[in-house]
Amino acid sequence: MEKIIITGGTGLVGTALRRALLEKGYGVTILTRELPAQRDPASLLQFALWNVEKQTIDTGAIASADHIIHLAGENLAGKRWTSKMKRRIVDSRINSSKLLVNSLKSIPNKIKTVVSTSAIGWYGADRLIPCPSPLGGEGRRMRPFTESDPPASDFLGDTCKQWEESIDPVTELGKRLVKIRVGIVLSENGGALKEFIRPVKWGIAAILGSGKQVMSWIHIDDLVKIYLAAIENSTMLGVYNAVAPHPVTNKELVLTLAKSHKKFYVPAHIPSFVLKAILGEMSIEVLKSTTVSCSKIINTGFVFRFPSIDEALRK
């Protein structure tokens with residue numbers, strides 16, 4: 001039986017992931033700041049202490065594990081992006097990676113694979129690129145972002161760059177490193193979908209801004225499958241986008257969601273200035289169009305269970 005350490009194992013994705021791993025017979029160790037009051041030593045699910053601020057970790061957990069799935073990081077959408085909050089977002093990612101890297105350097109271990117989370121915030125907003133025009137000369141078109149594209153120069157782009165670079169040193173230790181750039185995660189248990197559903201319950205389909213911005217999303221079940229593939233497929237290496245094959249506009253997503261939950265609803269556009277007043281700098285992200293390709297993960301043989309938004313939201 002192989003053992004897998006999960007950081008950030010109590011969040012939305014971590015909870016779904018550990019359930020899937022346990023169902024497949026893996027031993028799972030959740031790194032946590034506080035141990036649960038009741039624990040079963042014979043269970044496949046175990047807990048071990050770590051403290052990112054103090055840079056301490058349970059050496060036994062590292063020594064006995066075969067793989068690490070690194071999900072830890074301050075919730076991007078948890079609070080308004082003040083300067084203090086932005087610092088916490090960056091530091092939580094960099095310092096947790098630093099602790100893992102230093103632990104793998106100093107503690108004898110048999111870790112084969114490190115799977116680290118990133119985000120499609122790496123890419124920034126869609127942009128037009130030069131291309132030959134069918135009428136002659138040069139035109140411009142938009143193409144989906146791929147894993148080889150450079151990071152954006154905005155806050156999320158820089159955060160993702162530092163985030164990914166912070167875990168890179170594990171490759172120097174002979175560990176296979178897979179980085180998963182995650183899109184907007186759809187789950188009925190929380191996350192973005194919960195916020196979209198909230199006004200729908202009152203019969204309002206709340207479209208953000210123009211609603212034309214493209215959202216590169218993924219169903220949580222497919223995201224969990226990608227993490228499992230990263231552990232089990234030893235040919236996977238480097239960066240992979242975790243997004244569904246068919247991105248949608250915000251308007252398409254909201255209206256599809258409304259149709260699946262209500263017989264009657266009223267579409268309502270929320271003006272960008274209102275979103276800015278409520279969300280501050282974060283409003284830039286919800287109004288930004290980011291079209292991301294999943295060709296690389298598909299080329300590994302991965303098959304999406306929910307490739308379209310209709311299938312993902314079907315009740």
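Student: Leaving aside its neighbours within four places in sequence, which residues is Leu21 in contact with?

Tutor: A word first: this is a predicted model. Now to the residue. Beyond its neighbours within four places in sequence, Leu21 is in contact with Ile4, Ile6, Tyr26, Val28, Ile69 and Leu228. Leu21 itself sits in helix 1, which covers residues 12-23. Its relative accessibility is 0%, so Leu21 counts as buried. The C-alpha atom of Leu21 is separated from that of Ser293 by 27 Å, and these two residues are 272 apart along the chain.

Helix 1 has twelve residues, which at 1.5 Å a residue should span 16 Å. Its end C-alpha atoms are 17 Å apart, which agrees.

Gln55 lies in the loop between strand 3 and strand 4 (56-57). Gln55 is a residue other than glycine, yet its phi is positive, near 60°. Its relative accessibility is 27%, so Gln55 counts as partly exposed.

Back to helix 1 and its partner, helix 6. Their axes are 10 Å apart, and the two helices pack at an angle of about 60°. Helix 1 and helix 6 are therefore oblique to each other. Their crossing is right-handed. From helix 1 come Leu12, Val13, Ala16, Leu17, Ala20 and Leu21. They meet Ile220, Leu223, Val224, Tyr227 and Leu228 of helix 6. By class, this contact has eleven nonpolar residues, no polar ones and no charged ones.

Another pair can be set beside that one. Helix 5 (residues 192-200) and helix 7 (residues 250-261) have axes 10 Å apart and pack at an angle of about 60°. That makes helix 5 oblique to helix 7. Here too the crossing is right-handed. Helix 5 brings Leu193, Phe196, Ile197 and Val200 to the contact. Helix 7 brings Asn250, Leu253, Val254, Leu257, Ala258 and His261. These residues divide into eight nonpolar, two polar and no charged.

One residue of that contact deserves a stop. Asn250 is placed in helix 7. With a relative accessible area of 0%, Asn250 is buried. Not counting residues up to four places away in sequence, Asn250 touches Phe196, Ile207, Leu208, Gly211, Gln213 and Met215.

Now for helix 3 and helix 4. Helix 3 covers residues 83-106 and helix 4 covers residues 155-167. Their axes come within 8 Å and cross at roughly 10°. Helix 3 and helix 4 are therefore roughly parallel to each other, since angles under 35 degrees count that way. On the helix 3 side, the contact is made by Lys86, Ile89, Val90, Arg93, Ile94, Ser97 and Val101. On the helix 4 side, it is made by Phe155, Thr159, Gln162, Trp163, Ser166 and Ile167. By class, this contact has seven nonpolar, four polar and two charged residues.

Helix 3 also holds Ser96. Its relative accessible area is 1%, so Ser96 is buried. Not counting residues up to four places away in sequence, Ser96 touches Trp50, Val52, His70, Ala72 and Asp91.

Last, helix 4 by itself. Its 13 residues should span 18 Å at 1.5 Å a residue, and its end C-alpha atoms are 19 Å apart, which agrees. Its buried residues are Phe155, Leu156, Gly157, Thr159, Cys160, Trp163, Glu164, Ser166 and Ile167. What covers them includes helix 3, helix 9 (283-286) and several strands. Those strands are strand 5 (67-70), strand 6 (113-119), strand 9 (176-182) and strand 15 (238-242).

Methods:
Residues are numbered from 1 along each chain as its sequence is written. This is a predicted model: local features need pLDDT of at least 70, side-chain atom pairs count only at pLDDT 80 or more; totals for chains, interfaces and linings use all residues. Side-chain values use heavy atoms; hydrogens and water are left out. Axes are lines fitted to C-alpha atoms, for helices over the stretch in contact, and angles run from 0 to 180 degrees between N-to-C directions. Helices (H or I, at least four residues) and strands (E, at least two) are DSSP runs, numbered from the N terminus. Angles under 35 degrees count as roughly parallel, over 145 as roughly antiparallel, 65 to 115 as roughly perpendicular and the rest as oblique. Contact means heavy atoms within 4.5 Å. Ala, Val, Leu, Ile, Met, Phe, Trp, Tyr, Cys and Pro count as nonpolar, Asp, Glu, Lys and Arg as charged, and the others, Gly among them, as polar. Buried means under 20% relative accessible area, exposed over 50%, partly exposed in between (1.4 Å probe, protein chains only). A crossing is left-handed if the near helix is turned anticlockwise from the far one by less than a right angle, and right-handed if clockwise. The expected span of a helix is 1.5 Å times one less than its number of residues.
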